[in-house]
Amino acid sequence: MQVHARARDYPQSQFGGVLPHEAELTAGVRIQPGRSYGFFTDTTRCIGCKACEVACKEWNNLPADNVGLTGMSYDNTGALSANTWRHVAFVEKIAGPGGGPAEMPPYQSQWLMMSDLCKHCHNPPCLEACPTGALFKTEFDTVVVQQDICNGCGYCVPACPFGVVELSETDGKAHKCTLCYDRLKGGLEPACAKSCPTDSIQFGEIADLQSRAAERVEQLHGLGVASAYLYGAPGSPGATGDLGHLNAFFLLTDAPEVYNLPRAPTRASNRVRPSLATGLATMAGFALAAIALLGRRA
Amino acid sequence: MSKIVRGRILFAQEGRFMLRTESGTGQLFVLSHDAGVEPQQLPPLQHAQAEVEVEFDETPGGLSAVARAIRVPDDDLAGKAEAV
């Protein structure tokens, strides 16, 4: 990313307050209501430092949970949860023919790392399932839970095809990434993207990110990484089942399942009609069988 | 057995808040569903810098505590916080 021309206006290293439109300086984008914003996560650049996890917890005042070792590589949070809105997955693909360790190729190319989060779907199934309107689309095209409206019914939890939303055992309400809604309103880049030292997490306008991601895939193909592809961009895996595109999309180099992502996620509402039809057909079958049995007895 | 700590709210985010205790340390709390206080009542307490008394339980395996109740002590009520 090029340094923004406005950077010359701020030569000092300490500031008295928040800079106006700070995201322009840190992410090269001015945040304006009515436009679509999101993340492009390039997993080939992730070094597993977990700065994003820490920045998310710091900004959102989220408590650490599952303190200890999971035994799953360097992963200590395990999964996304009500208290963990960014999760860095460590996928160690070291297995020889006998199941034991094999030689590690240069650049740790068999060690996959990915910073996972809420995908902020274009057609969010969690929002469709919410009966109170607590889940809503913001003016930045992101999906947020309003804590004062959420009644903790939990319908959004199974509706999410990515297993992102979780109810907190403490307050009984649904929690997930807000894409730093409060920071966006203040013109600030989301905390995770700002803290990412390798720009694996890039924040910006969706159309800009999608074209940037397509260029990165082309570049990787040119470098010999033929397995690179986008997950969640329009027309790619992840953008299936009427979800539209994902506002938080990824560049992957292995099958989605390897990263614990569904190959073809769908909206739960798509299954209502066939489920209802199956139920009605079953009831009709039982009724016909009962009529036949009772008719024979008479 | 719940514990009680006094302090002032440094900042609040949804139902989570950081309390600067009388000993000067910061402690993170998450509002319990039965706390009798709603998340939107926390910012006024923060802005007023009112001294509050938090009844809480430790969270096993977590680095935060569960706030069961928040009270404004009588000696701090005068003209400061009316949120709770």
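So, one term before we start: when I say polar contact, I mean a pair of N or O atoms within 3.5 Å, and within protein one of them has to be able to donate a hydrogen and the other to accept it. Keep in mind that this is a predicted model.

With that in hand, let's go to the interface. Between chain A and chain B we count 7 residue pairs in polar contact, both residues at pLDDT 80 or more. There's also 1 salt bridge between the two chains: A:Lys173 pairs with B:Glu38, and their closest N and O atoms sit 3.9 Å apart. On the chain A side, the residues touching chain B split into 7 nonpolar, 7 polar and 5 charged.

How much do the two chains bury between them? About 1,400 Å², with 53% of that on carbon and sulfur atoms. Over in chain A, the residues losing the most area to chain B are A:Asn61, A:Pro63 and A:Thr170, and together they make up 41% of what that side buries. In terms of contacts, 19 residues of chain A meet 19 residues of chain B.

Okay, on to the insides. The largest nonpolar core has 55 residues, and the ones touching the most other members are A:Phe39, A:Phe162, A:Phe203, A:Tyr231 and A:Leu252. Strand E3 of chain A, residues 111-116, is the top contributor to this core, with 4 residues. Apart from that core there's another one, of 19 residues, including B:Ile9, B:Phe29, B:Val37 and B:Val52.

Last stop, A:Phe203. Skipping neighbours within four places in sequence, its contacts include A:Val29, A:Ile31, A:Phe39, A:Leu179, A:Leu184 and A:Leu209, and also A:Glu189.

How values were computed
Residues numbered from 1 in each chain as written. Chains lettered and ligands numbered in written order. Predicted model: local features only at pLDDT ≥ 70, side-chain atom pairs only at ≥ 80, totals over all residues. Heavy atoms only, no water. Core = buried A, V, L, I, M, F, W, Y, C linked by side-chain atoms within 4.5 Å. Buried < 20%, exposed > 50% of the residue type's maximum accessible area, 1.4 Å probe, protein only. Helix = DSSP H or I, 4+ residues; strand = E, 2+ residues; numbered from the N terminus. Contact = heavy atoms within 4.5 Å. Buried area = accessible area lost by both parts, 1.4 Å probe. Salt bridge = Lys/Arg side-chain N within 4 Å of Asp/Glu carboxyl O. Polar contact = N/O pair within 3.5 Å; in protein donor to acceptor, adjacent residues only side chain to side chain. Nonpolar A, V, L, I, M, F, W, Y, C, P; charged D, E, K, R; others polar.
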